[in-house]
Amino acid sequence: MAEAALISEQIEDDEVQEILKTGTDLRQYSAQIEKEFKEVENRSIDDYIKESQNIANLHYQIGSTSNILERMESMLMDIQGALNNISTEITSLQKKSVSMSVQLTNRQSIRAQISQFVEDMAVPEEMVATIMDSPVTEKEFMNHLNELNHKLNLMKELNFKESKSSQDVSDVLQKLKVKAMSKLRLYLMEQIYKFRKPMANYQIPQNAMLKYKFFFEFILSNERVVAQEICNEYVDTMGKIYYSYFKSYSTRLAALKFEEAVSKDDLMGLDDSVPKSIFSKASSLKNKSTVFSIGDRGDVLNQQLEAPIIVPHAQQKSRYAYEALFRSEQYALVDNACREYLFVTEFFILRGQQAQELFNQIMGKTTALLIKNLETYVQDCYDTIALFLCIQLCLRYQLMCHKRCVPALDKYWDNLQAVIWPRFEQVFRMNIQSILDCDPTKFPKETGPHYITRRYAEFSAAIVGISENFPNELVSHLLLELQEEVKCFMLRMAAIFTTRKEQLIYLINNYDLVLGVLMERTRDNSKEAEAFRELLSTRSAEYVEEILAPHLGGIIQFVKDCEQMRDKEQTEELKRQERRSLQLVANFSANWKKSLEDLNREVFLSFPSLVTGSQLLQLALAQLVQYYHKFYKLLTPNARAQLVNIHVIMIEIKKYKSNY
């Protein structure tokens, strides 16, 4: 519209501008326009007069249409009112429906609770008949017993709330409870009495009791006095059974022990050269060389730890070391005690301290017996290895109990160790003192390994090997004391030899023996092995110098003197050594092959171990070559020309290499 007005104004402006340009009279032009408007108006009036009939018809039609619309509006208003009434009725019906739904839910909930209450309160005839007449092991009896237990618990709750409804069935339920208690008590007592039969396998009635462990739970829930009676009867019965079994078993095991035990005369430092009587028994530990060496006794900690126990009547002709009997006895206790602890915790529904106390009532007398038996053995025991093996068995069986979730024997294991440890330390120190008291002059002058050294090597390897899994500070300290005392004994023994070479041969033989045994029986990096490896290395180097001296003494001294002169820059003095060097060259060239033969013979005659002898010979030959090179560098050209070629010497040395 705005654009049309602008265009119209633009046209008028153009017309006005055109009029002004042509010089037309505006009044005349205005009158002409007025005349044109009048003509147009008259024509329009004529047109309206001609169409008057049509306009009248249109007016009539509009009026008729307006009446129709008014009637439709009225009808729609009526429909709207009806719809409003229907909506109101629907809302009312919805409210009534919600209210009825809530009422229905409440009634159903109340009905369920009332039905459950009535069901819980009612005592069916079938329940009465089953409780009164059926055996307790029947499935129906167990089901009705559970139901009865539920009704009794509900009765207790209602009685606490002083509910009058409980009075209707209280008398019936009490009678059923008494009858059920009587039958359950009789059944459980019968199972307990089965334990008392001779040669009875008590695991069978125990399994039967576990199968019906709800019986005791029912009794405990409804009559604690009866529950305590059953528990006391079980504790008394099983306590006597275990005590009787282990007392008999321990006595029979003791008869299988070696007849000749280790005594105070079998300490490490005591002389064993006294001849034995031809009538002495040959089945002892000592004759099996197991007083200080472990042999296969360590198997009790590994392969035999969970092996079947020793059956005395089947092994009457066999004899065992004490630790084997101790293992069998303790493993029997572990097996029985773990099973018993797990049974009482499950059947009697006990945990923590209560379970521990009940277990102690059952097994206390038995464990006290075993501790007393151990005390009797330990007070006269001089077998250090046996004592230490028993300590290790205690540690392993305690760990086994923990893996089975049975902590009940912890105090027992501690008591056993409290008995063994003091005696172990006492006997260990007696062995140390026996070495300290040794008089080296009483022994023959032999450069081979001493029997005390062999005892120490075997004993130390045994203790170190046993304690690898459970190291102990006291054991480490005792081993260190023993090691120092043995090293001092070796030095005292070496002092009885007149020559340094014999002393070194003796020390090397003994150090080598100890190191060999330790490396064979323990880890290579044990503290004991490292100590003797260092001693052996030091003495071996010193021995090599000693055996080379008769053959290369002059050359060795020449090398040392000339190197000292060279360090001090004494050039003139070095030149004056040529005559001396020519003599040494001549002697070496004439005797070097014989010297190699003598070295080889001397070394292998001095050391019983071919491996040790070979190592020392190779060490000596290597040292010889080293001195030879130094000697060669210090010679004048004239002297060098007369010296044997090093390659010739090396070819000869290769002949003395061995495969040991």
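Here are some worked exercises on the predicted model shown above.

**Exercise 1. A nonpolar surface patch**

Task: Which residues form a nonpolar patch on the surface, and what accessible area do they have together?

Solution: 
- Step 1. Start by selecting Leu76, Ile79, Leu83, Ile86 and Ile90, which form the patch.
- Step 2. Together these side chains have about 480 Å² of accessible area.
- Step 3. Now pick one member, isoleucine 79, and you will find it in helix α3, residues 52-121.
- Step 4. Isoleucine 79 has a relative accessible area of 47%. Buried means under 20% and exposed over 50%, so isoleucine 79 is partly exposed.

**Exercise 2. The largest cavity**

Task: How many cavities of 30 Å³ or more are there, and which residues line the largest cavity?

Solution: 
- Step 1. The count comes to three cavities of 30 Å³ or more.
- Step 2. The volume of the largest cavity is about 50 Å³.
- Step 3. Its lining is made up of Asp266, Val291, Phe292, Tyr382, Asp383, Thr384, Ile385, Asn431 and Phe459.
- Step 4. Sort that lining by type, and the residues divide into five nonpolar, two polar and two charged.

**Exercise 3. A salt bridge between helices**

Task: Which residue forms a salt bridge with arginine 429, and how far apart are the closest N and O atoms?

Solution: 
- Step 1. Side chains of opposite charge can pair when their charged atoms come close.
- Step 2. The partner of arginine 429 is glutamate 481, and the closest N and O atoms are 2.8 Å apart.
- Step 3. This pair links distant parts of the chain: arginine 429 is in helix α13 and glutamate 481 in helix α15 (residues 473-494), 52 residues apart.
- Step 4. Arginine 429 is partly exposed, with a relative accessible area of 32%. Glutamate 481 is partly exposed too, at 26%.
- Step 5. For context, a search of the whole structure finds 21 salt bridges.

**Exercise 4. Partners along the chain**

Task: What is the separation of the closest N and O atoms in the salt bridge of glutamate 520 with arginine 521, and in that of arginine 601 with aspartate 598?

Solution: 
- Step 1. In the salt bridge of glutamate 520 with arginine 521, the closest N and O atoms are 4.0 Å apart.
- Step 2. Glutamate 520 counts as exposed at 59% relative accessibility, while arginine 521 counts as partly exposed at 36%.
- Step 3. For arginine 601 and aspartate 598, the closest N and O atoms are 3.0 Å apart.
- Step 4. Both arginine 601 and aspartate 598 lie in helix α19 (residues 578-606), three residues apart, which is about one turn of the helix.
- Step 5. Arginine 601 counts as partly exposed at 45% relative accessibility. Aspartate 598, at 18%, falls under the 20% cut-off, so aspartate 598 counts as buried.
- Step 6. Elsewhere, salt bridges that share partners join Arg297, Glu323 and Asp383 into one network.

**Exercise 5. C-alpha separations**

Task: What separates the C-alpha atoms of glycine 554 and asparagine 587, and those of asparagine 207 and phenylalanine 343?

Solution: 
- Step 1. Locate glycine 554 in helix α17, residues 527-567. With a relative accessible area of 34%, glycine 554 is partly exposed.
- Step 2. The C-alpha atoms of glycine 554 and asparagine 587 are separated by 9.5 Å, and the two residues are 33 residues apart along the chain.
- Step 3. Next, find asparagine 207 in helix α7, residues 203-211. Asparagine 207 counts as partly exposed at 49% relative accessibility.
- Step 4. Asparagine 207 and phenylalanine 343 are 136 residues apart along the chain, and their C-alpha atoms are separated by 8.9 Å.

Terms used: Residues are numbered from 1 along each chain as its sequence is written. This is a predicted model: local features need pLDDT of at least 70, side-chain atom pairs count only at pLDDT 80 or more; totals for chains, interfaces and linings use all residues. Side-chain values use heavy atoms; hydrogens and water are left out. Patches are made of residues with over 30% relative accessible area and no salt bridge: like charges are joined within 9 Å, nonpolar side chains (Val, Leu, Ile, Met, Phe, Trp, Tyr) within 5 Å. Accessible areas come from the Shrake-Rupley method with a 1.4 Å probe; for residues, only the protein chains shown count as cover. Helices (H or I, at least four residues) and strands (E, at least two) are DSSP runs, numbered from the N terminus. Buried means under 20% relative accessible area, exposed over 50%, partly exposed in between (1.4 Å probe, protein chains only). On a 1 Å grid over the protein atoms alone, a cavity is a set of points where a 1.4 Å probe fits but cannot get out, and a pocket is an open set with protein on both sides within 12 Å along at least five of seven lines; lining residues have an atom within 4 Å of a point. Grid points are joined across faces, edges and corners, and a volume is the space filled by probe spheres set on the points. Ala, Val, Leu, Ile, Met, Phe, Trp, Tyr, Cys and Pro count as nonpolar, Asp, Glu, Lys and Arg as charged, and the others, Gly among them, as polar.
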